[in-house]
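Got a model on screen and want to talk it through?

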Amino acid sequence: MAMQLPVKNQPQANAMMGMLAHQQDIPPGLAYLTNVSEILVQQVNLRQVFSGYETNNKYVVKNADNQRIYLAVEESEACHLWCCGPIRPFQMKIMDNTGLEVIRLHRPYRCSSCWFPCCLQKIEVFAPPRTLVGYVKQNWSINGQRFSVQNAVEETLYKISGPCCTCGFGCRDIKFTLIDKKSGDDIGKIVKQRSAVVQEGYTDADNFSVQFPQTMEVKMKAALLAACFLIDFMYYETGKPEELCCKLLDILL
């Protein structure tokens, strides 16, 4: 992966963006997303290639022109990293290129077993960090992977539908379709992109594309970014034997 040079300023955008942010009550730091219909997410913690241990994840979020717009940094306790692996609870800070935290994600510890449909995975979205704007919640299903994207009052606005098999074996893209709940139309997608051999073979660093309507509310665009992170943790983190302690907790809960 090419080295990403530090960026001090957000990429240039439409001059009307500040006015739109004021009119639509857009959270600070998210105004750039108003005119965006695709974002790219690249995991950058390649230290796992050499250490062999799970580390806090870091992601670079870019626009379609490959310009960095955000940096996402996971905050997890060492015991959760060691014992819980991909089902670990975490906080994630998402910062713009000035270092301002614009989004905070919280993933509580939840069961990973399909036998506990009342306690499935979810992630909470705050923008700015202390203001709740939405949720992404896993839905129980025996026919593929299903999620609901909700606003702050837990009203489902969008659905995400993924394949039964989420394993691409590094040779194909894997698509999770975004569906408008009201119309039932496919309006976007989250795609886990085929990765380079060094990534697929030696670490769990992944690349994603998140596509949505340009006119979508920016708070829901932030929720879809959160959905991308949740999907990465659930299906594309490397599991280890140490996770047995958390699997035992699943059985006992």
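This is a predicted model: local features need pLDDT of at least 70, side-chain atom pairs count only at pLDDT 80 or more; totals for chains, interfaces and linings use all residues.

Residues are numbered from 1 along each chain as its sequence is written, and side-chain values use heavy atoms, with hydrogens and water left out.

Me: How many helices and strands does the protein chain have?
Reply: Helices (H or I, at least four residues) and strands (E, at least two) are DSSP runs here, numbered from the N terminus. On that count the protein chain has six helices and twelve strands.

Me: What share of the residues of the protein chain count as buried?
Reply: Buried means under 20% relative accessible area, exposed over 50%, and partly exposed in between, with a 1.4 Å probe and protein chains only. Of the 253 residues, the buried share is 50%.

Me: How many residues of α5 are buried?
Reply: The helix is largely enclosed by the rest of the structure.

Me: Which residues does Leu-230 touch?
Reply: Leu-230 lies in helix α5, and at 0% relative accessibility it counts as buried. Contact means heavy atoms within 4.5 Å. Leaving out residues up to four places away in sequence, the partners of Leu-230 are Arg-107, Gln-121, Lys-122, Ile-123, Val-136 and Phe-147.

Me: One of those was Lys-122; which residue forms a salt bridge with Lys-122?
Reply: A salt bridge is a side-chain nitrogen of Lys or Arg within 4 Å of a carboxyl oxygen of Asp or Glu. Here the closest N and O atoms are 3.6 Å apart. Both members of the pair are buried, and the partner of Lys-122 is Glu-124.

Me: How many salt bridges are there by this rule?
Reply: Among them is Glu-101 with Arg-104, at 2.5 Å from N to O, and both of those residues are buried. By this rule the count is five.

Me: Which residue forms a salt bridge with Lys-93?
Reply: The closest N and O atoms of this pair are 3.4 Å apart. Lys-93 lies in strand β4 (residues 90-95) and its partner in strand β3, so the pair ties together parts that are 18 residues apart in sequence. Lys-93 is partly exposed at 26%, as is the partner at 37%; that partner is Glu-75.

Me: Asp-180 is buried yet has no salt bridge, so what is the nearest side chain of opposite charge?
Reply: Asp-180 is found in strand β10 (residues 174-180), and a polar atom of its side chain lies 2.8 Å from the backbone nitrogen of Ser-183. For charge, Lys and Arg count as positive and Asp and Glu as negative, while His and the chain ends are not counted. At 6.9 Å from Asp-180, the nearest side chain of opposite charge is Lys-182.

Me: Which peptide bond to Pro-128 is cis?
Reply: Most peptide bonds are trans. Pro-128 is found in the loop between β6 (122-126) and β7 (132-139). With omega near -5°, the cis bond to Pro-128 comes from Ala-127.

Me: What is phi of Asn-66?
Reply: Most residues other than glycine have a negative phi. Asn-66 lies in the loop between β2 (58-63) and β3 (68-75), and counts as partly exposed at 44% relative accessibility. Its phi is positive, near 70°.

Me: And what is phi of Glu-154?
Reply: Glu-154 lies in the loop between β8 (145-151) and β9 (156-162). At 43% relative accessibility, Glu-154 counts as partly exposed. Phi of Glu-154 is also a positive value, near 65°.

Terms used
A polar contact is a pair of N or O atoms within 3.5 Å; within protein, one must be able to donate a hydrogen and the other to accept it, and residues adjacent in sequence count only if both atoms are side-chain atoms.
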